[in-house]
Amino acid sequence: MGAHLVRRYITERDTEPDPAKKFEFDSQFGFGERKEREMMATQEQMNLAQLPLQQRDYCAHYLLTFMKCKRNNWPNFLACKHERHDWDYCQHQDYVMRMKEYERERRLQLRKKRIAAKAEAA
């Protein structure tokens, strides 16, 4: 569970990406054509729904649908299971994608270090 902390602070300090900073490599590097993610919910919709800033992510449109269902079906909150599942699934997919991007950046930094060491040895 703490392997990333060991890499970050002890063993691979120079190749472990810092999640607080912007990634070093281009997001298109290594891909032929990669579609950029875009927000489905507009800023106006999120403002009208009074969504907190922490929940204004790529899954906000599912959260808006879920909140609308809860409002329309009150007090029967169990009628919105499908909307809740869609929102949870989107959050999970977003988390997996962010972890894949983090791992991709880490591996590209290791590759860069390996190439530099090989060029230095030659």
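This is a predicted model: local features need pLDDT of at least 70, side-chain atom pairs count only at pLDDT 80 or more; totals for chains, interfaces and linings use all residues.
Local features need pLDDT of at least 70, side-chain atom pairs count only at pLDDT 80 or more, and totals for chains, interfaces and linings use all residues. Residues are numbered from 1 along each chain as its sequence is written, and side-chain values use heavy atoms, with hydrogens and water left out.

Two disulfides are present in the structure. A disulfide is a pair of cysteine sulfur atoms within 2.5 Å. With bonded cysteines counted along the chain, the pattern of the protein chain is 1-4, 2-3.

Cys59 sits in the loop between helix H2 (43–48) and helix H3 (60–72), whereas Cys90 belongs to helix H4 (residues 81–121). The pair therefore ties together parts that are 31 residues apart in sequence. Helices (H or I, at least four residues) and strands (E, at least two) are DSSP runs, numbered from the N terminus. Cys59 is buried, at a relative accessible area of 0%. Cys90 also counts as buried, at 14% relative accessibility. Buried means under 20% relative accessible area, exposed over 50%, and partly exposed in between (1.4 Å probe, protein chains only).

Cys69 and Cys80 form a disulfide too, and their sulfur atoms lie 2.1 Å apart. This link is left-handed, with -95° about the S-S bond. Cys69 is part of helix H3 and Cys80 of the loop between H3 and H4, so the pair connects parts that are eleven residues apart in sequence. Both Cys69 and Cys80 are buried.
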